[in-house]
Amino acid sequence: MAAARATTTLSVVIPMYNEEAALPALVARLRPALDGTNVSYEVVAVDDGSADRTAELLEEIRLGWSELRIVKLRRNSGHQAALTAGLHSSVGDYVASIDADLQDPPEKIPEMLELAQRDKLDIVYGVRSDRSTDSGFKRWTAGAYYWLMRRMVGKRVPSQAGDFRLLSREAVDALKSLPDQQQVYRLLVPWLGFPSGQVTYFREERVAGETKYPLSKMIRLAIDSITNFSATPLRIATWLGVLSFFGCFAMLAGTIGIYLAGHTVPGWTSLFVAMLFIGGIQLICVGLLGEYIGRIYTAVQKRPTFFIGYDSADAPQQRGAERAERVDVGV
Ligand code: UDP
Ligand code: MG
């Protein structure tokens, strides 16, 4: 096993969550693209706790494609955690990551590798030249996301690069050494500061199945992205407090003025509005504090973000281990 691994040049990491519908089309395009290069490769399919037939299909495909390696997570851990599992398992000198739904063209991977080797780059981003196939809502939210990220992390963040990219072994090792818990690779990778290049591509429509990124996961990614890189929201809380202080001060002055002028005002509306407003601001601020404290808590716990239940590269031993575990659970 060690000898076979030592010669691997390229690893292709593919996180998969309920991708049974997209898998056949993916293999049909990925395999010729990789076989066409004269480098040895492994494809690390990370099954992120799929509930459908993804895992069985992968096993079937592996029978006829020895370069395919299956890393199965015990439960659904999320796209970024699945990527982490793939990066940690991969052994190639270069590691490409690509989605399973063919929105990113696998044919670009050899081009990325060539560019990296020719120009001695550690990172090659796949940058979308066009998002016309995405829904208007997705385009708008993605636009806002990248605008904000470039302001927070810096201009190094390519504005239309998702998780389709190629990394050198050095860059992967640097990522692996980070203690981050909720990794957001599209920000961490530019932040590393390695020499980088990019290839542009046309983002296609998902080949089959539904998106695995509902609004809730998109919001989660955005919150992780912001809080991983910036404490600005906490400062916003301070500024809101200052603003509301001055607002109340103005109201106080107004009230005294009205009192001195001899008007008696019922005052109910203004009091009620002020109470709601200040109450709202306080809740937002407490929520913000909670978000960061939650993060500190997670960091202190140091729990792994994923558990690998099975890796086809270590199949014989692992199966034994799994059996033993099942017996344990049964007792
Ligand atoms: N994915 C995953 N775990 C999840 C959600 C998504 O591994 O919990 C994978 C999914 O199978 C796909 C990639 O992440 O390969 C990107 O997801 P998707 O294409 O659904 O996102 P979108 O392109 O709609 O943003
Ligand atoms: Mg997709």
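This is a predicted model: local features need pLDDT of at least 70, side-chain atom pairs count only at pLDDT 80 or more; totals for chains, interfaces and linings use all residues.
User: Which residues come nearest to ligand 1?

Analyst: There are 19 residues around ligand 1, and by class this shell holds five nonpolar, five polar and nine charged residues. Those that come nearest to the ligand are Glu19, Asp48, Asp101, Thr211 and Lys212.

User: At what distance from a nitrogen atom of ligand 1 is an N or O atom in the side chain of Asp48?

Analyst: Asp48 is one of the residues that come nearest to ligand 1. Between a nitrogen atom of the ligand and an N or O atom in the Asp48 side chain, the distance is 2.6 Å.

User: How much of ligand 1 is buried by the protein, and which distances do the side chains of Asn76 and Gln103 have to its oxygen atoms?

Analyst: A polar atom in the side chain of Asn76 is 3.2 Å from an oxygen atom of ligand 1, and for an N or O atom in the side chain of Gln103 the distance to an oxygen atom of the ligand is 2.7 Å. Ligand 1 taken alone exposes 530 Å², and the share of this area that the protein buries is 95%.

User: How many aromatic pairs are there, and what is the angle between the planes of Phe164 and Tyr201?

Analyst: With ring centres within 6.5 Å as the cut-off for a pair, the count comes to six aromatic pairs. Phe164 and Tyr201 form one that is edge-to-face, with 5.2 Å from centre to centre, and it links distant parts of the chain, as Phe164 belongs to strand 6 (residues 161-168) and Tyr201 to strand 7 (residues 196-202), 37 residues apart. Both of these residues are buried, and the angle between their planes is 90°.

User: Are Phe245 and Phe249 buried or exposed?

Analyst: Phe245 and Phe249 form a stacked pair, 6.2 Å centre to centre with 25° between the planes, and both lie in helix 10 (residues 232-261), four residues apart, which is about one turn of the helix. Ring pairs also link Phe245 and Phe249 with Phe246 into a cluster. As for their accessibility, Phe245 and Phe249 are both exposed.

Definitions and conventions:
Residues are numbered from 1 along each chain as its sequence is written. Chains are lettered from A and ligands numbered from 1 in the order in which they are written. Side-chain values use heavy atoms; hydrogens and water are left out. A residue is near a molecule or strand if one of its heavy atoms lies within 4 Å of it. A polar contact is a pair of N or O atoms within 3.5 Å; within protein, one must be able to donate a hydrogen and the other to accept it, and residues adjacent in sequence count only if both atoms are side-chain atoms. Accessible areas come from the Shrake-Rupley method with a 1.4 Å probe; for residues, only the protein chains shown count as cover. Ala, Val, Leu, Ile, Met, Phe, Trp, Tyr, Cys and Pro count as nonpolar, Asp, Glu, Lys and Arg as charged, and the others, Gly among them, as polar. Rings of Phe, Tyr and Trp (its six-membered ring) pair if their centres lie within 6.5 Å; planes under 30 degrees apart count as stacked, over 60 as edge-to-face and the rest as tilted. Helices (H or I, at least four residues) and strands (E, at least two) are DSSP runs, numbered from the N terminus. Buried means under 20% relative accessible area, exposed over 50%, partly exposed in between (1.4 Å probe, protein chains only).
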